Amino acid sequence: MSEIIAVTNRHLCHTDFLDVIRQLSQSDVDYIVLREKDLSIEEYTTLAKEVLDICRDKKCCILHTYVEAAKTLDVPYIHLPLKMLLNLKEEKPETFSFFRRIGASVHSREEAIQAWKAGAAYLTAGHVFATDCKKGVPPRGLEYIKEVSEAVPIPVYGIGGITRENMDMVVKAGAKGVCIMSGMMTGRDIVKK
């Protein structure tokens with residue numbers, strides 16, 4: 001069964017961001033990745049606490065990039081850019097071992113193998129389709145998802161330009177599931193349980 005990860009970007013919301021999180025917590029998404037990279041550590045920690053209070057016991061909330069916020073809030077799930085994953089493992093092994101599940105963002109087959117060998121439990125691979133988030137950058141396509149999925153023994157989730165309408169193609173190409181940002185933040189792709 002394919003999984004759906006909602007990736008946040010509060011700047012895309014047409015309504016209150018926390019209201020969108022409430023809707024997601026009652027939807028069919030499996031995980032919410034709190035990806036608000038423009039905030040200070042203090043702002044992110046405050047927002048993460050609010051999101052965790054909404055999601056607790058309903059959805060797994062994965063924090064993104066802010067390792068110290070995750071430790072402060074005792075959240076054992078983090079998603080990191082590949083470079084951060086490698087640095088964390090090498091420079092702060094005690095912090096690395098705090099996390100029960102670390103995901104990594106990758107953009108090539110080689111990066112996927114590197115992330116898996118460094119201890120990533122899952123990968124987001126993109127961007128699959130054309131997306132406004134990567135305007136002017138050619139998408140990598142479904143063959144890319146197939147290559148990455150075949151290269152590593154951990155779950156791969158396609159990201160970039162994915163909607164409810166095209167997600168099955170990504171899964172058929174070998175992904176465990178998909179990440180959806182724009183459709184989740186605007187409410188277009190939120191489906192209640």
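User: How many bridges join strand 3 to strand 4?
Analyst: Two bridges join them. The strands run parallel. Strand 4 covers residues 77-81. Keep in mind that this is a predicted model.

User: Which residue stands opposite H79 of strand 4?
Analyst: H64 does.

User: And what do strand 3, helix 3 and strand 4 make?
Analyst: They make a β-α-β unit, and this unit is right-handed. Helix 3 spans residues 67-72.

User: Is strand 3 largely enclosed or open, and why?
Analyst: Largely enclosed by the rest of the structure, because four of its five residues are buried. Strand 3 is residues 60-64.

User: What about strand 2? In which sense do strand 2 and strand 3 pair?
Analyst: Parallel, over four bridges. Strand 2 is residues 31-34. Y31 stands opposite C60 of strand 3.

User: Which helix does the chain cross through from strand 2 to strand 3?
Analyst: Helix 2, residues 41-55. This β-α-β crossover is right-handed.

User: Back to Y31. Which charged end sits over the Y31 ring?
Analyst: That of R101, 5.4 Å from the ring centre. There is also R140, with its charged end over the ring of Y144. The distance to the Y144 ring centre is 5.7 Å.

User: New topic, the core. Which residues touch the most other members of the largest nonpolar core?
Analyst: L24, L85 and L123. The core has 70 residues. Its largest share comes from helix 2, which supplies seven residues.

User: What does L24 touch, not counting residues up to four places away in sequence?
Analyst: A6, V29, I32, K59, M184, M185 and I190.

User: Now rings. How many aromatic pairs does a search of the whole structure find?
Analyst: Three. One of the pairs is F98 with F99, in an edge-to-face arrangement. Their centres are 4.9 Å apart, with 80° between the planes.

User: F99: buried or exposed?
Analyst: Buried, at 8% relative accessible area. F98 counts as partly exposed, because its relative accessibility is 25% and the buried class needs under 20%.

User: What about Y122 and Y157, why is that pair edge-to-face?
Analyst: Because their planes stand at 85°, and over 60 degrees counts as edge-to-face. The ring centres are 5.8 Å apart.

User: Where do Y122 and Y157 lie?
Analyst: Y122 is in strand 6 (residues 122-126), and Y157 is in strand 7 (residues 156-159). So the pair ties together parts 35 residues apart in sequence. Both Y122 and Y157 are buried.

Key
Residues numbered from 1 in each chain as written. Predicted model: local features only at pLDDT ≥ 70, side-chain atom pairs only at ≥ 80, totals over all residues. Heavy atoms only, no water. Buried < 20%, exposed > 50% of the residue type's maximum accessible area, 1.4 Å probe, protein only. Pairing = 2+ DSSP bridges. Right-handed = clockwise from strand over helix to strand, strands pointing away. Core = buried A, V, L, I, M, F, W, Y, C linked by side-chain atoms within 4.5 Å. Contact = heavy atoms within 4.5 Å. Phe/Tyr/Trp six-rings, centres within 6.5 Å; stacked < 30°, edge-to-face > 60°. Lys NZ or Arg CZ within 6 Å of the ring centre and 35° of its normal.
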